[in-house]
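Subject: Structure for you to look at

Hello,

Here is the structure I promised to pass on. Please open it and keep it beside you while you read my notes.

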Amino acid sequence: MSVQDRIHERLAATFAPLHLELENESHSHSVPPNSETHFRVVLVSDAFSGKRPVARHQAVYAALAEELAGPVHALALHTYDPAEWRDRQGESPASPACLGGSKAEGGGV
């Protein structure tokens, strides 16, 4: 099973999302082709109601602890409760462009 599939499976099982987008953004970073290291997550769940963004992110990190300890280098998290998602009209921010260079150049990934 791919890293992306495992992430999707864990998030779906943990949060019973009303909406889940998972995008592999590794191609936009200084990593080998076909890498699964950088992901963008848009997650809408009743589980986030009444929780601050930090608590939401901590819950996602806990659900993905195995992936974060291994192959996943970065997650762009956009977490909403259903009312926030309705207010946003189903829109979430795009990830910023990667500004890091290659490791050989002394930049980040």
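First, a term you will need: two rings of Phe, Tyr or Trp pair if their centres lie within 6.5 Å. Note also that this is a predicted model.

How many aromatic pairs does a search of the whole structure find? The search finds two.

Start with Phe-15 and Phe-48. Their ring centres are 5.3 Å apart, and the planes make an angle of 40 degrees. The partners come from distant parts of the chain, 33 residues apart. Phe-15 belongs to helix α1, residues 3-15. Phe-48 sits in the loop between β2 (38-44) and α2 (53-63).

Now go to Tyr-80 and Trp-85. They form the other tilted pair, 5.5 Å from centre to centre with 35 degrees between the planes. Tyr-80 is buried, with a relative accessible area of 10%. Trp-85 has 13% relative accessibility and counts as buried because the limit is 20%.

Next, the core. The largest nonpolar core has 16 residues. Which of them touch the most other members? They are Ile-7, Leu-11, Val-41, Leu-43, Val-60 and Leu-75. At least two core residues come from each of α1, β1 (19-24), β2, α2 and β3 (74-80). Helix α1 gives the largest share, four residues. As a general point, nonpolar side chains tend to be buried together in soluble globular proteins.

Take a closer look at Leu-43. Leave aside its neighbours within four places in sequence. Leu-43 is then in contact with residues including Leu-11, Val-60 and His-78. Phe-15, Phe-48 and Tyr-80 are also among its contacts.

Last, the whole protein. There are four helices and three strands. From the N terminus on, the order is α-β-β-α-α-β-α. The protein has 109 residues, and 33% of them count as buried. Take the contacts between residues at least 6 apart in sequence: 60% of these join residues at least 24 apart. The accessible surface comes to about 6400 Å², with 51% of it belonging to carbon and sulfur atoms.

Best wishes

Terms used. Residues numbered from 1 in each chain as written. Predicted model: local features only at pLDDT ≥ 70, side-chain atom pairs only at ≥ 80, totals over all residues. Heavy atoms only, no water. Phe/Tyr/Trp six-rings, centres within 6.5 Å; stacked < 30°, edge-to-face > 60°. Buried < 20%, exposed > 50% of the residue type's maximum accessible area, 1.4 Å probe, protein only. Core = buried A, V, L, I, M, F, W, Y, C linked by side-chain atoms within 4.5 Å. Contact = heavy atoms within 4.5 Å. Areas by Shrake-Rupley, 256 points an atom, 1.4 Å probe, with all protein chains shown as cover.
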